[in-house]
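The sequence and the structure come first.

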Amino acid sequence: MKRIVILGGGVGGTLTANLLARKLRRSIDRGEAEIVVIDAQGAHVYQPGFMYIAMGGEREAKLTKPERALLDQRVRLMVGTVTSVDPTAQHVTLDNGEVIAYDQLVLATGARILPESIEHFEAEAHHFYTAEAARRLRVALDAFKGGRVVIGIASMPYKCPPAPLEVAFLIEAELRERGLRDKSTVDYCSPIGRAFTIESVSEMATPILAEKGIELHTFFNVETIDAERKVVQSLEGEELPYDLLILVPPHKGQQFLMDSGLAPAPGGWLPTDRHTLRVGGRPNIYALGDATDLPLSKAGSTAHFEAPVVTEQVAAAVLGREAKGKHASYAGNVMCFFEVGDGKGTLLRFDYDHPPKPPKPNQFWHLGKIIFNKTYFHTVPKGRV
Ligand SMILES: Cc1cc2nc3c(=O)[nH]c(=O)nc-3n(C[C@H](O)[C@H](O)[C@H](O)COP(=O)(O)OP(=O)(O)OC[C@H]3O[C@@H](n4cnc5c(N)ncnc54)[C@H](O)[C@@H]3O)c2cc1C
């Protein structure tokens, strides 16, 4: 009997488990294969909804579903925190001491946020990378009566690259609607030399920033927050005073992957083959989603497109054949909706060889994002789209 162990019940882990259950149905029913998902929370969280909590349009209760309800009945779910992987002995260990052996291992443990790694971050800066932080940001926005809003990114990489720009556009629109725009400035800080990592997206977003009177500060990597003076300082030596500071917190991969020697420090991202999604050249370990070191957006959409490839690779190994078909190799596909405020959005669709050509922002893509958010639990994790 071959056991496939999947660590993480987020977008990547859940979808891979369900696709594998479909592909290996006969082997599972004959007792020749088993799929085990191990997740720390036993709950699946739709993180893109956090941004809408902060913007006042979403409730936390709508963003979480029990993981069991999303998994094919052929998949076994274990709720527990994995503390180590031993790739030589081919087993993982849980925090209760339980040891689970695997034949094939899929790492879909996402990213960690570390606001505490910047002094004064937690007391001074807001963010929307957890439901709780997003709720606090909403309270702060409701209390805001005008002043200096500074939005930035503490360091790269981080989840959902468009998110901070989207928040800047949405907050600027909200300030206008509330009659506070004349009493406010909005500054956007990018750690690199342009507004967005991908040039074509930067070319689309930069004129929108200018049109909305949002000042762009490039090469702004957050170094310190001076809580007394209410000033954020960059590594490059620029200082920006703020009344409301919103920063994407620093991100890293999971500590246990670093401790297990699978993901190098300091980032903790898994060295992943860009086509096979195999980790560190090992024949039976795969990664997808935010946990990888691939030079792509850390996005649910990335995990969504990677899952069929991991499924095909793992199924091929279990069935003793070569990976085949259109999902034998990952081409770097990503597709993300991008809000620009005022009920408009655009779409970023790209792969390793084709950069995005975002259409002119319009209502259609904004509505596309809203509908996608509302239907997510019925579609993506279950492999229906
Ligand atoms: C504010 C915000 C907005 C976003 N907007 C978008 C968007 O518009 N479009 C988009 O495509 N993406 C968006 N994303 C990104 C998207 O949510 C992530 O990229 C996606 O969830 C990654 O999927 P994953 O499976 O890699 O990890 P996750 O979905 O984070 O799942 C990881 C799972 O691993 C589990 N885990 C971690 N460590 C352990 C352990 N030691 N033991 C057991 N289990 C463990 C966790 O409990 C979790 O369930 C957004 C994210 C945020 C925060």
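## Basis

A polar contact is a pair of N or O atoms within 3.5 Å; within protein, one must be able to donate a hydrogen and the other to accept it, and residues adjacent in sequence count only if both atoms are side-chain atoms. The model is predicted, so local features need pLDDT of at least 70 and side-chain atom pairs count only at pLDDT 80 or more, while totals for chains, interfaces and linings use all residues. Residues are numbered from 1 along each chain as its sequence is written, and side-chain values use heavy atoms, leaving out hydrogens and water.

## Tyr242

The side chains of Tyr242 and Glu124 are joined by a polar contact of 2.5 Å. Tyr242 sits in the loop between strand E17 (239-241) and strand E18 (244-248), where strands (E, at least two residues) and helices (H or I, at least four) are DSSP runs numbered from the N terminus. At 1% relative accessibility Tyr242 counts as buried, a class that means under 20% relative accessible area, with exposed over 50% and partly exposed in between (1.4 Å probe, protein chains only).

## Salt bridges around Arg138

With a salt bridge taken as a side-chain nitrogen of Lys or Arg within 4 Å of a carboxyl oxygen of Asp or Glu, the whole structure holds 22 salt bridges. One of them pairs Arg138 with Asp142 at 2.7 Å, N to O; Arg138 is buried at 14%, whereas Asp142 is partly exposed at 45%. Glu174 also meets Arg138 in a salt bridge, at 2.8 Å, and because Glu174 lies in helix H7 (residues 163-177) and Arg138 in helix H6, this pair ties together parts 36 residues apart in sequence.
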